[in-house]
Amino acid sequence: MTNVVAVTACPSGVAHTYMAAEAIEQAAKAKGWGCKVETQGSIGTENELTAEDVSAADVVILTKDIDIKGQERFEGKLTVRIGVSDAVKRAAAVMDKIEAHINQAA
């Protein structure tokens with residue numbers, strides 16, 4: 001099973017941060033993948049990814065609208081950077097592209 005971790009954040013740190021997290025989780029689960037999403041919103045970091053989460057991840061998704069804190073945790077991992085609006089509106093398409101890349105690399 002493919003394991004996905006993600007970190008979402010948006011400039012205002014409110015709605016889109018959490019909408020993106022939910023969309024990514026739902027799209028990953030629709031594929032039968034494991035998924036954990038850390039949010040870096042206006043109230044701080046929630047659902048923080050552990051070293052074990054990162055180690056077990058096959059792919060990392062980071063929103064790119066503002067800097068993600070702690071990006072160095074993901075060095076050496078397959079990392080996909082997307083806009084927060086793409087995460088909200090096109091999460092399933094993003095997962096399809098990730099799946100195609102993983103299958104091609106296998």
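Let's start with helix α1 (residues 15–30), which lies across β1 (3–8), β2, β3 and β4 (59–63) and runs at about 175° to β2. Contact here means heavy atoms within 4.5 Å. Axes are lines fitted to C-alpha atoms, for helices over the stretch in contact, with angles from 0 to 180 degrees between N-to-C directions. Helices (H or I, at least four residues) and strands (E, at least two) are DSSP runs, numbered from the N terminus.

Keep in mind that this is a predicted model: local features need pLDDT of at least 70, side-chain atom pairs count only at pLDDT 80 or more, and totals for chains, interfaces and linings use all residues. Residues are numbered from 1 along each chain as its sequence is written, and side-chain values use heavy atoms, with hydrogens and water left out.

Now for the sheet. Five strands make up an open sheet with mixed pairing, in the order β3-β2-β1-β4-β5; two strands pair if DSSP finds at least two bridges between them. At the edges sit β3 (44–46) and β5 (78–82), each pairing on one side only. From one strand to the next, the twist averages 15°.

Strands of a sheet pair through backbone hydrogen bonds, either parallel or antiparallel. Strand β2 (residues 34–41) runs antiparallel to β3, with three bridges joining them, and Gln-40 has Thr-45 in β3 as its bridge partner. Over by β4 things go parallel: β1 pairs with β4 over four bridges, with Ala-6 partnered by Ile-61. Another five bridges join β4 to β5, also in parallel, and there Val-59 partners Leu-78. Helix α3 (residues 84–105) lies across β4 and β5, at about 150° to β5.

What about the covering of β4? Five of its five residues are buried, meaning under 20% relative accessible area, with exposed over 50% and partly exposed in between (1.4 Å probe, protein chains only). In a regular strand the side chains alternate between the two faces of the sheet. In β4, Val-59, Ile-61 and Thr-63 point one way, while Val-60 and Leu-62 point the other.

By contrast, Ala-51, in helix α2 (residues 51–56), counts as exposed because its relative accessibility is 59%. Its C-alpha is 7.9 Å from that of Arg-73, 22 residues away in sequence.

Finally, the cysteines. A disulfide is a pair of cysteine sulfur atoms within 2.5 Å, and the count comes to zero. For Cys-10, the nearest cysteine sulfur is that of Cys-35, 18 Å away. Cys-10 counts as buried because its relative accessibility is 3%.
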